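Dear colleague,

Please find below the structure that I am handing over to you, followed by a short account of what was found in it.

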Amino acid sequence: MIDDLDRAIISTLQENARVSYAEIAKVEGVSPATIHVRIEKLRQAGIITGTHIHVDPRKLGYDVCCFIGINLARAGDYPSALQQLNALPEVVEAHYTTGQYSIFIKVMVRSIDDLQNLLINKIQPIEEIQATETLISLQQPIMRQIQV
């Protein structure tokens, strides 16, 4: 279980993953060694899984964000379909879901033409996929990490 110091460390790192242990220690009133030990404990527990940067896809030319709901031919087709979707660099997230779709993916492409190519030549030919429905994201007004 995590305590208030762990929560403070996580919160600080979510705001700025490059902050030094000494800076966190000063704010929290503990030694840098304590922060180091706590961060290592959080890593070993799998609570902290890495250090990330956020990139603006549009600044890199990826202007189209879409969500694609995928219906599989059979439930047992999930592992194979997922493996094939994972091989597509345009697929940036995949979720195995309940409800209308078996798999819900997020894709980033440079243009509508690229989206059409992705759908026609890469996703729909996957034998395990029975049908797809594409939703184009117009904007992403909220994007945040879970708060601890």
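How many bridges join β2 to β3? Five bridges do so, and the two strands run antiparallel. This is a predicted model, in which local features need pLDDT of at least 70, side-chain atom pairs count only at pLDDT 80 or more, and totals for chains, interfaces and linings use all residues. Residues are numbered from 1 along each chain as its sequence is written, and side-chain values use heavy atoms, with hydrogens and water left out.

Helices (H or I, at least four residues) and strands (E, at least two) are DSSP runs numbered from the N terminus; two strands pair if DSSP finds at least two bridges between them.

The sheet is open and antiparallel, with its four strands in the order β2-β3-β1-β4. Because β2 and β4 stand at the edges with a single partner strand each, one side of each has no neighbour in the sheet. Strand β1 (residues 64–72) has seven of its nine residues buried (under 20% relative accessible area, 1.4 Å probe, protein chains only). Seven bridges pair β1 with β3 (residues 103–109), where C65 stands opposite M108. Eight bridges join β1 to β4 (residues 129–137), and I68 stands opposite T134 there.

E90 lies in the loop between α4 (78–86) and β2 (91–96). E90 is buried, at a relative accessible area of 16%. Its side chain makes a polar contact with that of K122 at 2.8 Å (a pair of N or O atoms within 3.5 Å, one able to donate a hydrogen and the other to accept it; residues adjacent in sequence count only if both atoms are side-chain atoms).

Yours sincerely

How values were computed: Buried means under 20% relative accessible area, exposed over 50%, partly exposed in between (1.4 Å probe, protein chains only).
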